[in-house]
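Here is a quick walk through one model, taken piece by piece. Have the viewer open while you read.

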Amino acid sequence: MPEVESLSRFLAEHLVGRSVTRVQLLAVHALKTYDPPLNALEGRVFDAAGRHGKFLDLAAGDLHLVVHLARAGWVRWQDRLPDAPPKPGRGPLALRVRLGDPEDGAGFDVTEAGTQKRLALYVVRDPQEVPGIARLGPDPLAAGFTQDTFAALLRGERRQIKGVLRDQGVLAGIGNAYSDEILHAARMSPFKLAANLGEDEVAALYAAMGSTLTEAVERSRGLALRDLKAEKKSGLRVHGRTGEACPVCGDTIREVSFSDSSLQYCPTCQTGGKPLADRRMSRLLK
């Protein structure tokens, strides 16, 4: 979410007031809507860029181009797009939007790397028409998101806190990486049951969530789009750093693997020095 927030701010500065001269879809599977059609954006002027959780929302009059970048998607801005139209193929390019006003030729590409194609594009009249947006919980960076609001969300929640933080229906925008970072900052085990958190633990987790996300957004402020992902990786303290030293205590950062993801944590900072069971590794050793 911090990267999408920074992305929306960049696009707000570069898109607002520019008209859409052409929209070219290269990845047909990524487009999830058909009415209004994608080419209905042509001739319209972008007047806002924002986000809903991890969904990017580009408004052009009464239409919205909504983009969910998933794991491997990104937006690449170009002051001058190639004159030749892109050719559909197996490359990462999914969508090209060519702009006019004040000069023709600028625009942006929406790309997706890798083989797991999860990028999603929508053209809607109301962002709430996107199912993923309609089910979002409150945004932890919203002005009205208080500690009491957070405590109410956790009350009676019998799942592990790591899963609760990642659940977009509970909180909008926190993914795998930043849930690891938040729990490390709060010195909390990812396997702790949310309903069992005491008042002081809720307060610590709320503070860690606000500071972690806010600092990530501020680190990204003013960076070019091509630098945002690299900045994210450099700013993470535990996520993706298995085997490295914890920057707080020096203990070795450990990992728990799942079928399609993994989490990282520091035993000394978060679990009283005890390693968490890695179920996938345990099965391999049997």
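In which strand does Leu-263 lie? The residue belongs to E10, the strand covering residues 262-265. Bear in mind throughout that this is a predicted model.

**Around Leu-263**

Leu-263 has a relative accessibility of 1%, so it counts as buried. Setting aside neighbours within four places in sequence, its contacts are Lys-162, Asp-180, Pro-190, Phe-191, Arg-254, Glu-255, Val-256 and Phe-258. One of these, Asp-180, is itself buried and sits in helix H5. From Arg-187 to Leu-263 you count 76 residues in sequence, and the C-alpha to C-alpha separation is 15 Å.

**Helix H5 and its histidine**

How many of the ten residues of H5 are buried? Nine are, so to speak, under cover, and the helix spans residues 176-185. The buried set includes Tyr-178, Ile-182, Leu-183 and His-184.

His-184 is worth a stop. Beyond its neighbours within four places in sequence, His-184 touches Arg-237, Val-238, Cys-246, Val-248, Cys-266, Cys-269 and Gln-270. Two of those cysteines, Cys-266 and Cys-269, are buried as well.

| Residue | Relative accessible area | State |
|---|---|---|
| His-184 | 2% | buried |
| Cys-266 | 0% | buried |
| Cys-269 | 5% | buried |

With cysteines around, how many disulfides does the structure hold? The count is zero. Cys-266 is in no disulfide, and its nearest cysteine sulfur, from Cys-249, is 3.4 Å away. For Cys-269 the closest cysteine sulfur is that of Cys-266, at 3.7 Å, which is too far for a bond. The cut-off used for a disulfide is 2.5 Å between the sulfur atoms.

**The four-stranded sheet**

Now for a sheet. Four strands make up an open sheet in the order E1-E6-E7-E5, and the pairing is antiparallel.

E5 pairs with E7 (residues 107-112) in the antiparallel sense, and six bridges link the two. Within that pairing, Gly-73 stands opposite Glu-112 of E7. Helix H1 (residues 2-15) packs on this sheet, where it touches E5, E6 (93-100) and E7. The direction of H1 makes about 25 degrees with that of E5.

**H3 against H6**

At what angle do H3 and H6 pack? The angle is about 115 degrees, and the axes of H3 (residues 147-154) and H6 (residues 199-220) are 10 Å apart. The crossing of H3 past H6 is right-handed. On the H3 side, the contact comes from Gln-147, Phe-150, Ala-151 and Leu-154. H6 brings in Val-202, Ala-203, Leu-205, Tyr-206 and Met-209. An α-helix has 3.6 residues a turn, so residues three or four places apart point the same way. Sorted by class, the H3 and H6 contact has eight nonpolar residues, one polar residue and no charged ones.

Technical notes. Residues numbered from 1 in each chain as written. Predicted model: local features only at pLDDT ≥ 70, side-chain atom pairs only at ≥ 80, totals over all residues. Heavy atoms only, no water. Buried < 20%, exposed > 50% of the residue type's maximum accessible area, 1.4 Å probe, protein only. Pairing = 2+ DSSP bridges. Contact = heavy atoms within 4.5 Å. Axes fitted to C-alpha atoms, helices over the stretch in contact; angles between N-to-C directions. Left-handed = near helix turned anticlockwise from the far one by under 90°. Nonpolar A, V, L, I, M, F, W, Y, C, P; charged D, E, K, R; others polar.
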